[in-house]
Amino acid sequence: MAEGIRDKVVILGMGCTKFGERWDKSGGDLLVDALTEALEDAGIEKKDLQAAWLGVHIDEINIGKGGTYASNAMHLPFIPVTRLDNFCASGTEAFRGAAYGVASGAYDIALAIGVEKLKDTGYGGLPDSPAFGQEMVMVGPNATAPGMFAQLATAYAAKHKIPMERVKEAMTHVSWKSHQNGAKNPRAHLRKAVSKEQIAGAPMVAYPLGLFDCCGVSDGAAAAVVCTPEVFKKLKPNEPMVKVKALQIAVSSGEEAAYDRWDGASILTTRAASKRAYEEAGIKDPRKEISMMEVHDCFSITELCTMEDLWISPDGGAPDDILNGFFDLDGQIPCQPDGGLKCFGHPIGASGIRMIFEMYNQLLGRWPEDRAVKNPKFGLTHNLGGVPNNNVCSIAIFGVD
């Protein structure tokens, strides 16, 4: 029976650019910057890489299709470069490709890298593209991401009979907490702390989502070099190893959109992928065993529901946990210690690896005391691409030995 890749792959080094309106850099420049930092951290040279996986989503305005642009920009040594696109999970999918390449025995050292350059359009949100295919352009021409995710809030409040004022109060705390954390992070796009009064009183985008309940887009790149534990011990003897404990993906089956199994108040893919990830990692009680998380906070209500979909909070209990500070930086399970999508923005192909970058450095105790998680053992990352009734979810769990 398949047992997954637990403890078979180690992160050798990572890099991450500053995210933001990077008018000063091309997509190729961002790739080179992330790669250079990852190689320096790994203590190897470019010639040591044996294969690469690239995550990028909106290729039309970005770096084009295929792997040639990235390989040319980084001057990789004629190795296979595979481009992956799976919506907002594209970065984690690239990491999964590299990790599975190493775990299979095909390679000793592989690269995962993600990039997206979205601010050059001058448009505030994601550019219009037939991401779900031309048929969906005709079926749902007026659908927007804020409009689709806002319905999670109303469905959640109705299902659990929680007043919308209470749900909105918890959503406000989610955004406030992330801005508190992001203000301390020099690589974040938005570094300004905002008050709960500012968040709650911001202009409405799609009820009940206000301006500060929505993440923006950004430019950025992130990279990870992975290898086997044996190679790591040769290159970095006596140094702690950040190991991959689990990597799981779940994709919608159509049951959410077209049948009556889904109540609209949770994300079924997150529930399925996290169950499999905990089993692969050997985690029995995630509420007690997970030390910290980076989750896909495209909207504050998404993060709220994710706390239950990850089996951390009981159903209907996320607002209480959030408002009691359970997920604050000094809480029991800090969530978005780097500021999350709320403060980094969302360069789609890079976000998943950026989240891993945060868990990796937290597990190695590299961050200053004011934004360090105390004594972390397991870090979890979560991406959600698409919309609530049709999406792809990725879950990754890392641990330090």
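This is a predicted model: local features need pLDDT of at least 70, side-chain atom pairs count only at pLDDT 80 or more; totals for chains, interfaces and linings use all residues.
Helix α6 is largely enclosed by the rest of the structure, because 14 of its 19 residues are buried.

Where is Val56 found? It lies in the loop between β2 (52-55) and α2 (68-74). Its relative accessibility is 0%, so Val56 counts as buried. Leaving aside residues up to four places away in sequence, Val56 touches Asn62, Ile63, Arg83, Leu84, Asp85, Ser90, Val115, Glu116 and Gly349.

The structure holds 6 aromatic pairs. One of them joins Trp53 and Tyr107 edge-to-face, at 6.1 Å centre to centre and with 75° between the planes. This pair links distant parts of the chain, 54 residues apart: Trp53 belongs to strand β2, and Tyr107 to the loop between α3 (90-103) and β4 (109-117). Trp53, at 14% relative accessibility, counts as buried, whereas Tyr107, at 24%, counts as partly exposed.

The rings of Phe149 and Phe299 form a tilted pair, because their planes stand at 35°, with the centres 5.1 Å apart. Here too the pair links distant parts of the chain, with Phe149 in helix α5 and Phe299 in the loop between β9 (292-294) and α12 (300-309), 150 residues apart. Both Phe149 and Phe299 are buried.

Finally, I note two charges over rings. The charged end of Arg96 sits over the ring of Tyr100, 5.6 Å from its centre. Arg271 lies over the face of Trp311, at 5.0 Å from the ring centre.

Notes
Residues are numbered from 1 along each chain as its sequence is written. Side-chain values use heavy atoms; hydrogens and water are left out. Buried means under 20% relative accessible area, exposed over 50%, partly exposed in between (1.4 Å probe, protein chains only). Helices (H or I, at least four residues) and strands (E, at least two) are DSSP runs, numbered from the N terminus. Contact means heavy atoms within 4.5 Å. Rings of Phe, Tyr and Trp (its six-membered ring) pair if their centres lie within 6.5 Å; planes under 30 degrees apart count as stacked, over 60 as edge-to-face and the rest as tilted. A charge sits over a ring if NZ of Lys or CZ of Arg is within 6 Å of the ring centre and within 35 degrees of the ring normal.
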